[in-house]
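Take a look at the structure below. We will walk through it step by step, beginning with a term you will need.

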Amino acid sequence: MKRSRIALVAAAAATALLFAGCAGDAGSPTADEAEPTVEETPEFEEGTTMAELAEAGSITIGTKFDQPLFGLVGPDGVPVGFDVEIGKIIAGKLGISEENIEWVETVSANREPFIQNGQVDIVVATYTINDKRKEVISFAGPYYMAGQSILVLADNEDIESEEDLVGQPVCSVTGSTPAAKLAEIGATPVLTDTYTNCLEPLRSGQVVAVSTDNVILAGLAAANEGEFKVVGEPFTEEPYGIGLAKDDTDFRMWINDVLEESYEDGTYEEAWDATAGAELPFIEPPAVDRY
């Protein structure tokens with residue numbers, strides 16, 4: 001199948017410069033710390049997406065470029081993090097090595113369009129599975145269960161839970177499930193394109209908090225040591241899935257097989273330990289949903 005390819009954009013280099021110093025503090029690995037096995041001669045049924053990608057010898061994967069621990073562009077311009085390692089595991093089972101993965105930045109607002117337009121083959125980008133998104137794309141997984149939480153300035157003693165956000169300006173990102181939840185609980189969402197762009201409004205007092213998944217906030221706090229803290233208990237469940245083309249059932253089921261195999265053979269836990277595990281405890285992955 002012919003798919004359009006998007007090169008890493010100049011913004012990636014700027015992001016790399018912005019976070020190069022703090023990424024090491026957050027426990028982000030270098031790109032070669034985790035090396036999933038690359039299958040030498042994988043065999044797939046003719047006409048499947050797996051066969052087409054294996055024959056092409058390359059894959060385009062959408063991920064976040066600005067989220068420490070899960071997807072953060074490193075000093076060399078290549079993203080690192082847990083989502084990146086999950087992408088490598090999938091590519092390896094297709095016989096595709098790391099150097100033949102093209103990484104494309106996907107922010108919350110463009111993940112579905114990029115999948116629908118064929119600009120990426122899959123998206124692994126702290127991507128919460130929900131019914132609305134499943135109307136236009138499919139999901140493999142979930143492979144991780146996160147939960148929405150709250151990031152505030154380190155000296156803030158006024159906000160302890162989501163109840164303290166009611167009527168308050170809170171930053172999140174356009175097209176995200178956390179943004180919708182903020183409106184639902186009565187906060188005033190202040191929206192931008194990436195979570196890192198929420199940090200300056202928080203510093204300046206334009207917003208009282210940033211709200212998204214707890215693992216994303218933990219990465220931001222770790223990358224900006226002493227400035228911020230995560231407060232309260234998670235108040236939603238956010239099952240992270242792998243986005244792919246709508247109704248590509250064979251591909252979805254195959255990715256689910258790959259995920260389950262990685263749980264059993266230890267490569268999933270190794271990927272976690274090499275990335276997000278620097279700041280967060282390991283938890284057993286949820287069961288995949290073979291809908």
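A residue counts as buried when its relative accessible area is under 20%. This is a predicted model. Phe82 has a relative accessible area of 0%, so Phe82 is buried. Phe70 is buried too, at 1%.

These two residues also form a pair. The ring centres of Phe70 and Phe82 are 5.7 Å apart, and the planes meet at 80 degrees. Planes over 60 degrees apart count as edge-to-face, so this pair is edge-to-face. The pair links distant parts of the chain: Phe70 sits in the loop between β2 and β3, while Phe82 belongs to helix α3.

Tyr268 is buried at 1%, but Tyr263 is partly exposed at 23%.

Next, find Tyr291. The charged end of Lys134 sits over the Tyr291 ring, 4.0 Å from its centre. The charged end of Arg252 sits over that ring as well, at 3.9 Å.

Now turn to the sheet. Five strands form an open sheet in the order β10-β9-β11-β8-β12, with mixed pairing. β10 and β12 stand at the edges with a single partner strand each, so one side of each has no neighbour in the sheet. From one strand to the next, the twist averages 35 degrees. Strands β9 and β11 run parallel, joined by two bridges. Cys171 has Val210 in β11 as its bridge partner.

Helix α5 lies across β8, β9, β10 and β11. Helix α7 lies across β8, β11 and β12.

Conventions: Residues are numbered from 1 along each chain as its sequence is written. This is a predicted model: local features need pLDDT of at least 70, side-chain atom pairs count only at pLDDT 80 or more; totals for chains, interfaces and linings use all residues. Side-chain values use heavy atoms; hydrogens and water are left out. Two strands pair if DSSP finds at least two bridges between them. Helices (H or I, at least four residues) and strands (E, at least two) are DSSP runs, numbered from the N terminus. Axes are lines fitted to C-alpha atoms, for helices over the stretch in contact, and angles run from 0 to 180 degrees between N-to-C directions. Contact means heavy atoms within 4.5 Å. Rings of Phe, Tyr and Trp (its six-membered ring) pair if their centres lie within 6.5 Å; planes under 30 degrees apart count as stacked, over 60 as edge-to-face and the rest as tilted. Buried means under 20% relative accessible area, exposed over 50%, partly exposed in between (1.4 Å probe, protein chains only). A charge sits over a ring if NZ of Lys or CZ of Arg is within 6 Å of the ring centre and within 35 degrees of the ring normal.
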